[in-house]
Structures are given as structure tokens and as C-alpha cells.
Amino acid sequence: MSYSSIAALLTHLNEVTTLLGNISYLKDDREVYAALHDIFHYVATGDELIISKKYVTDPRLQSFMNKTYSFLNYVWSLHKEYVASMDVIAKEIYKRALDILRDVGTSNYIHIFACDALSIVDALFIVYKLFTEYKLRPKFFSTIINPSGKTSTYEFLLDPRRFLEEKENITLMSAVRSAISDNLNTSNINTIKFNNIDGFIHDNENIGFNDASTIINKLYELVSSLYENIKHLVTNNIIVVIVSDHGYDIQKVSSEYRLRHGLGPNSLSILAPVLII
């Protein structure tokens, strides 16, 4: 695993982020969110979630689609080639995030959202909203690759030795605090857990929905509530850090749609965004 591989990962994601403006013609935020889901799902599976809208064939979104292909294919190639070294990526991503936090000054208040299940689509939507409303761009945006798409694997990636020695005592919150708070010389940090999406996933994991829009609309509401909290903080000059342990996938089973995470390689579940605003 070379650091050039990690640099390329950041470049691919930045190219996707740069083209988010291409989607702004949709105007309605709920439709923007649905379009992002449709595009990422299509790239991952070859199937459309929202056939009636034809987002994936809209010529205005082709550049964004192409960059999404490049980004996801690069993620999956890293996963395939370096699956045993995903902790190296995790540590380097956190190191770079900590460097950014030190640069902006640890005298500032820092608010960390430790998210149990926040997808790359959700993170991109938050970035989109902050720019369209406030012209704010993230200070740092990347993703960790969680090979299993499950919380326990993410906890292992952040500190393999501690995980093996103290597995029963480690939680997502403690793992994130250890990775960020313990490495910054400041007491101006507040960490809270956001698990609304993971709760929705597990409450409905055995339930089939007739259409994907029902799932996407509920996810939109959950992400929008998180965004409102983020917006309040950043507009009051508080540094916001968002970390996720895994994403999720909308999976078609026969004629029904189900929301799950932990589907393994070439799924969206393995993407665990890290964002500093």
C-alpha cells in the first residue's frame, strides 16, 4: 500500500465533489438526494432505483456519472488489492484529518458526529447543501474503506491492537474519541453519536418495500435532520467533524427493495466517509 494510492483516492472523490453543481438544476433538495442515490446505485449494481426520472441517462449528469464510475471502481480496486491493509488507509485518513484540525486551531470548538451508518451519498448531499446555501466547502473530505461494511470492522481498523485486547470494551464512540480527541491537545471537543440511520436499517432489515422511493424519502428526512444540526454549528463558527463507520445499500430482492449494510465487496456499504467542515 503506497501513499500515492491514498492520494489517488482523495483525487477521485474530489472530482466527484467538484461536479456536484451539475445536479443543482433539479432545484428540489429531495430530488437531488434521490438522484444521488440513483446514480451511485446504478454504478454499483447496473440497476436504476427510480426508473421514472431517468437520472442515469440525463446528459446533464453524464460527467458526474463518469466521475462516480471512476471513484467507485478505484475504491473497489483498492479493496480487492489491499484488503488486508485497510487499516493503513484508515490511519492515514485520520492522520490527515487531525493535521487539518491542528491547522484550523484547537482553540476552536470542535463538534464530532460519530455516525453509525452514513453513506457516501449522505455525505455528498451534506456537502452539496452547505455549498448551495452558504458557499461553504469542506476543509477535508475522504472515505475510509471498511471491508465488511460493519461497525466491528471499523473499530478494528482504527486500532487493531486495542481491538484485539479490549474488544468487549470498545464502542464506536470510544474508538472515534481515541482516534481524534486523544490526539488533539484540547478540551474543546464534543462528541455525539448519530445512529438514526442505522436504527432505521435494522428496524426494517427484514421488511420489503414496494418501491425504492419510500426508503429514500425516509433516509432524506434522517439526513436532513442531521444537516440542520450541522448547519447550526458551522454558522456559529464551530468546527464540525463527521465520521461514519460504514454506509449501506438499497438491495432489490425479487420485486421488493430492502435496506442493508455489510454486503461486502463492490457494495456502497464499505464506504465510510470522513468530513471536516
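Visitor: What makes Lys129 count as buried or exposed?

Guide: Buried means under 20% relative accessible area, exposed over 50%, and partly exposed in between (1.4 Å probe, protein chains only). Lys129 has 9% relative accessibility, so Lys129 counts as buried. The model is predicted: local features need pLDDT of at least 70, side-chain atom pairs count only at pLDDT 80 or more, and totals for chains, interfaces and linings use all residues. Residues are numbered from 1 along each chain as its sequence is written, and side-chain values use heavy atoms, with hydrogens and water left out.

Visitor: How do you know that Lys129 and Glu133 meet in a salt bridge?

Guide: A salt bridge requires a side-chain nitrogen of Lys or Arg within 4 Å of a carboxyl oxygen of Asp or Glu. The N to O distance for Lys129 and Glu133 is 2.6 Å, so the pair qualifies. Glu133, at 34% relative accessibility, counts as partly exposed.

Visitor: Which network includes Lys231 and Glu133?

Guide: Lys231 and Glu133 also meet in a salt bridge, at 4.0 Å. Salt bridges with shared partners join Asp29, Lys129, Glu133, Glu228 and Lys231 into one network.

Visitor: Why is the aromatic pair of Tyr33 and Tyr220 called tilted?

Guide: Rings of Phe, Tyr and Trp (its six-membered ring) pair if their centres lie within 6.5 Å; planes under 30 degrees apart count as stacked, over 60 as edge-to-face and the rest as tilted. Tyr33 and Tyr220 lie 5.8 Å centre to centre with 55° between the planes, so the pair is tilted. Both Tyr33 and Tyr220 are buried.
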